[in-house]
Amino acid sequence: MALAGVISGVACLAAGRGVPWQARQMALLRSASLAALAFAGAETLPRLLIGVALLLSAMVGTIGIRGSRTAPMCFHRAVVSLVLAICLWDTVASPTAAPAGVSTGAHDHGPAFTGVLSVLGIAGVIGIVLWTIVSERVIEPTSDRRIDTLLGVESWAMAAGVAVLCLAV
């Protein structure tokens, strides 16, 4: 999970001006969030705070993009940030969640898949993977092959990080 976040952040930075500042800030915050989650464990407060930061990042990431050619790229990354936040909040809101350090034996990992947040998280993961496939071919191609490659790496690392967080953690 942390590795996917680091790869996504580095690829986004390497793409330079091929990525607007809105998408870049979302990628860097998402990268830092996934790394922080790898070290924070199942603590409730860090998950809530990281979810709020991801939500705010998604909101800032859509400022001023309406009608621009980079709108799909920024919107794609905003959706990823929202899905990550939803998955974090689902693990916190899970009815089978136990206090930190206490094992319930029944369900110690991941979301319980028992509520609206779980359904949104799963639908979001599926949607992000499908969008990543489509965006590589149709939505985001540029005239620079290097930037296309870096954006492809960033998109797939982003999708992998979301899938791991929402489905396995």
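Leaving aside neighbours within four places in sequence, with which residues is Leu84 in contact? Leu84 is in contact (heavy atoms within 4.5 Å) with Arg30, Leu34, Leu54, Gly161, Val162 and Leu165. The model is predicted, so local features need pLDDT of at least 70 and side-chain atom pairs count only at pLDDT 80 or more, while totals for chains, interfaces and linings use all residues. Residues are numbered from 1 along each chain as its sequence is written, and side-chain values use heavy atoms, with hydrogens and water left out.

Leu84, Val83 and Val162 have the most contacts inside the largest nonpolar core, which has 17 residues. A nonpolar core is a set of buried Ala, Val, Leu, Ile, Met, Phe, Trp, Tyr and Cys residues joined through side-chain atoms within 4.5 Å; buried means under 20% relative accessible area, exposed over 50%, and partly exposed in between, with a 1.4 Å probe and protein chains only. At least two residues of this core come from each of α2 (21–40), α3, α4, α5 and α6 (145–167). Helices are DSSP runs of H or I with at least four residues, numbered from the N terminus. The most is given by α4, with six residues. A second, separate core of 16 residues includes Ala11, Met26, Cys74 and Ile147.

Helix α3 (residues 44–60) has 17 residues and should span 24 Å at 1.5 Å a residue, which agrees with the 25 Å between its end C-alpha atoms; the expected span is 1.5 Å times one less than the number of residues. Its buried residues are Arg47, Ile50, Gly51, Leu54, Ser57 and Ala58. Seen down the axis of α3, these residues fall within an arc of 125° and so line one face of the helix, the arc being that of the directions from the helix axis to the C-beta atoms. The exposed residues Leu45, Leu49 and Met59 are carried on the face of α3 turned away from its buried side.

One aromatic pair is found in a search of the whole structure. Phe75 and Trp131 are 5.5 Å apart centre to centre, with 45° between the planes, and the pair is tilted. Rings of Phe, Tyr and Trp (its six-membered ring) pair if their centres lie within 6.5 Å; planes under 30 degrees apart count as stacked, over 60 as edge-to-face and the rest as tilted. Because Phe75 lies in α4 (residues 71–93) and Trp131 in α5 (residues 116–139), the pair ties together parts that are 56 residues apart in sequence.

For Cys12, the nearest cysteine sulfur is that of Cys74, 9.5 Å away.

Note on methods
A disulfide is a pair of cysteine sulfur atoms within 2.5 Å.
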